[in-house]
Amino acid sequence: MNRRNFLGGIAALSLQGCARKARTVAKIPSLPPYDALPRLMPIRAEVDRIFRVTVCLRPFRAAGPRLELERVGDKTVIHNYGHGGSGWSLSWGSSSIAVEKALGLGERDIAVIGCGALGLTSGILLQRAGAKVTIYAKERPPEVRSARATGSWTPDSRIALTNSAPLDFAALWEKMCRYSFHTYESYLGMAGNPVEWTDRYTLSDQPLHEMKASRLRDDTLGFAHYQDRIQDFTPRSRDLPPGSHPFPTRYAQRTSSLTFNIAGYSRQLVNDFLVEGGKIVKIEFHSPTELNQLAQNVIINATGYGARALWKDESIVPVRGQIAWLIPQPEVNYGVLYKNVNILARRDGIVVQDGGKLGDMEGYNDANEVPDRAAAESAVGVVEELYGRMNRSKWWRARSGHV
Ligand SMILES: Cc1cc2nc3c(=O)[nH]c(=O)nc-3n(C[C@H](O)[C@H](O)[C@H](O)COP(=O)(O)OP(=O)(O)OC[C@H]3O[C@@H](n4cnc5c(N)ncnc54)[C@H](O)[C@@H]3O)c2cc1C
């Protein structure tokens with residue numbers, strides 16, 4: 001073979017190689033480089049890694065949260081309860097409205113009843129406005145119901161019913177939502193990450209629009225949804241083409257959302273409140289008339305589901321939700337929705353919550369706060385099945401080095 005033929009042969013071979021390579025590359029749909037997925041570590045979903053099971057009741061009101069003024073003897077009470085599945089998300093915005101009403105009465109020594117998401121944010125906002133504040137509560141974090149929430153930005157989860165909320169509620173909701181979101185920005189990037197942005201993956205073997213449609217069909221009560229009012233600061237969900245992600249499902253989408261690491265975040269709120277000279281007094285009230293014993297004349301009532309018994313407010317409906325907590329994995333920092341199971345890897349635990357088949361109606365009017373271990377294990381089983389399939393996928397082996 002002469003030199004020219006030999007070099008020509010090499011060129012032809014390498015061209016063939018390139019073509020083969022090009023064909024192989026073309027088979028894997030890729031995402032734009034700036035949008036490429038990070039290395040996603042699997043969740044170790046085994047039932048012996050469940051370190052606790054908690055139940056919480058969402059304080060749902062068909063008309064939306066109660067925010068009006070009421071006179072009780074010599075006292076003026078401003079209500080701030082009934083935030084359904086949105087209490088953390090809307091806390092700052094809702095409390096800012098209650099605080100404005102309280103300060104409008106001219107008093108500077110103010111009581112707050114309740115030390116959950118709404119009580120703490122009310123207390124802190126009052127302090128920021130220069131008031132002296134005492135929180136009175138039966139429990140404080142981590143015993144409050146707020147401590148048993150998922151920890152996601154879910155500002156319109158079980159917040160009202162479309163046909164029962166007042167006409168102006170959507171605008172009020174938007175105001176609360178924008179205020180809250182803006183305040184949460186100031187908790188980003190802090191030591192311990194009380195609040196952070198994380199990625200969320202929605203996974204399904206059924207087209208995602210069909211999955212959404214069937215959930216809406218199941219919602220016979222008509223829960224209100226207002227997300228289209230806040231699209232300017234809500235990252236949209238993007239489809240992930242098959243082969244561009246490690247998950248074993250046919251359909252996958254990704255978005256990003258705020259995560260509240262509630263153990264650290266609520267501790268931060270309590271500390272902030274105490275550092276500013278706030279006092280927390282442990283007490284249980286059995287009727288509104290007992291509030292007359294308080295030194296303060298203006299009181300913000302942030303008793304959450306507790307308001308049903310204390311104020312005999314039957315408009316509050318419990319919406320039960322249970323969480324199985326898996327041991328945290330520092331290397332996992334994303335969330336997944338798969339087969340109605342909502343998984344969120346937080347710093348204080350991996351939350352596994354079975355959303356059930358009824359969508360927003362799951363747990364509606366169920367006040368049972370006893371944990372159901374079998375249901376917790378079954379939810380973790382769904383996650384185990386997902387990652388069991390994921391381990392076997394070629395994508396996972398090729399990209400993670402797990403062979
Ligand atoms: C499973 C689950 C997941 C959730 N996930 C999210 C989420 O991801 N994001 C989100 O935004 N929201 C979520 N929520 C909703 C959120 O948890 C609630 O909306 C929120 O916790 C309500 O807070 P709160 O301060 O009104 O009530 P609570 O946290 O219940 O606080 C009430 C306070 O009042 C006190 N109190 C009550 N009654 C009395 C009394 N008689 N005397 C003295 N003190 C009293 C209590 O001791 C407590 O201090 C979730 C809820 C559930 C159940």
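**View 1. Strands β5 and β9 pair in the parallel sense over four bridges.** Strand β5 covers residues 132-137, where strands (E, at least two residues) and helices (H or I, at least four) are DSSP runs numbered from the N terminus, and two strands count as paired if DSSP finds at least two bridges between them. Within this pairing, Tyr-136 stands opposite Val-281 in β9. Helix α6 (residues 262-275) lies across β5 and β9 and runs at about 115° to β9; contact means heavy atoms within 4.5 Å, and such angles run from 0 to 180 degrees between N-to-C directions of axes fitted to C-alpha atoms, for helices over the stretch in contact. The model shown is predicted, with local features needing pLDDT of at least 70 and side-chain atom pairs counting only at pLDDT 80 or more, whereas totals for chains, interfaces and linings use all residues. Residues are numbered from 1 along each chain as its sequence is written, and side-chain values use heavy atoms, with hydrogens and water left out.

**View 2. Six strands form an open sheet with mixed pairing.** The strand order is β2-β3-β10-β4-β5-β9. Strands β2 (69-72) and β9 (279-282) stand at the edges with a single partner strand each, so one side of each is left without a neighbour in the sheet. Neighbouring strands of this sheet are turned by 25° against each other on average, direction ignored.

**View 3. Strand β14 (residues 349-354) is mostly covered, with five of its six residues buried.** Buried here means under 20% relative accessible area, exposed means over 50%, and partly exposed lies in between, for a 1.4 Å probe and protein chains only. Strand β13 (residues 341-346) runs antiparallel to β14 and is joined to it by six bridges, with Val-341 opposite Asp-354, and these two strands form a hairpin with two residues between them. Strand β11 (residues 316-326) also pairs with β14 in the antiparallel sense, over three bridges, and there Ala-324 has Val-352 as its bridge partner.

**View 4. The largest nonpolar core has 52 residues.** Such a core is a set of buried Ala, Val, Leu, Ile, Met, Phe, Trp, Tyr and Cys residues joined through side-chain atoms within 4.5 Å. Among the elements giving two or more residues to this core are α3 (117-128), α4 (169-185) and β8 (251-260), while the largest share, eight residues, comes from α2. Trp-88, one of the residues with the most contacts inside the core, touches residues including Tyr-184, Phe-260, Tyr-265 and Leu-269. Apart from this core lies another, of 31 residues, among them Phe-247, Ile-350, Val-352 and Val-383.

Methods
Lists of a residue's contacts leave out its neighbours within four places in sequence.
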